[in-house]
Amino acid sequence: MPTSNHRDRRTGSARLIATTFGLGEILPAPGTTAGSLPAALVWAALALTLPSARLLLIVTGGLTLAAVIVGVWAAGREASRRGAEDPGPVVIDEVAGQWLCYLTALPFIHLEGDPALFLVTAGGFFLFRLFDVWKPWPIRRLEQLPGGIGIVADDLAAGVLAGIVLATGWRLILG
């Protein structure tokens, strides 16, 4: 049986992960910006430093998967601790959704040169924010799923939709 100290560490870890190292609690922006903007900046930094688009795709996929798996657990635990279905400070779901946006679009775009990276990063950020706030059908329905799954699932759907729109726009406008 876990000790009280062990439970406290798990609760503290869940809070730290769910709030993305406290950003959801300290940033004066809405929760979705507090999670998605740092995620976009981390992704842009990776895109600038990793030597190939293939490696960027692999790393983005790994980070997204980790954010989803750990995020479902942490978001559910933190929501339960706070007694709320989807507390504002919980932003790990936005991190996962933002990274999934880039992961969805990346196979269909070319990140050659700084202007392209800026356009993809900014476009993905704004599109994800749009779909995360708007929540068109069926995204809003996903919030009804239980616990951390419901907290994260709608952001993943918004991320996929944003990534599809980003990739489609990229192909139509820039070929």
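Where does Lys-135 lie? Lys-135 sits in the loop between H6 and H7. Here is a short tour of that stretch and of one other loop. This is a predicted model, in which local features need pLDDT of at least 70, side-chain atom pairs count only at pLDDT 80 or more, and totals for chains, interfaces and linings use all residues. Residues are numbered from 1 along each chain as its sequence is written, and side-chain values use heavy atoms, with hydrogens and water left out.

**Helix H6**
- H6 covers residues 114-134, 21 residues in all; helices here are DSSP runs (H or I, at least four residues) and strands likewise (E, at least two), numbered from the N terminus.
- From first C-alpha to last, H6 reaches 30 Å, close to the 30 Å expected at 1.5 Å a residue, where the expected span is 1.5 Å times one less than the number of residues.
- Buried residues of H6 include Leu-117, Val-120, Phe-125, Phe-128, Arg-129 and Asp-132; buried means under 20% relative accessible area, exposed over 50%, and partly exposed in between (1.4 Å probe, protein chains only).

- Lys-135 follows H6, and its phi is positive at about 50 degrees although it is not a glycine.
- With a relative accessible area of 12%, Lys-135 is buried.
- Further along, the Trp-137 to Pro-138 peptide bond is cis, with omega near 5 degrees.
- Pro-138 belongs to the loop between H6 and helix H7 (139-142).

**The loop between H1 and H2**
- Thr-20 is found between helix H1 (4-18) and helix H2 (23-26).
- Thr-20 is not a glycine, yet its phi is positive, about 50 degrees.
- Thr-20 counts as buried at 11% relative accessibility.
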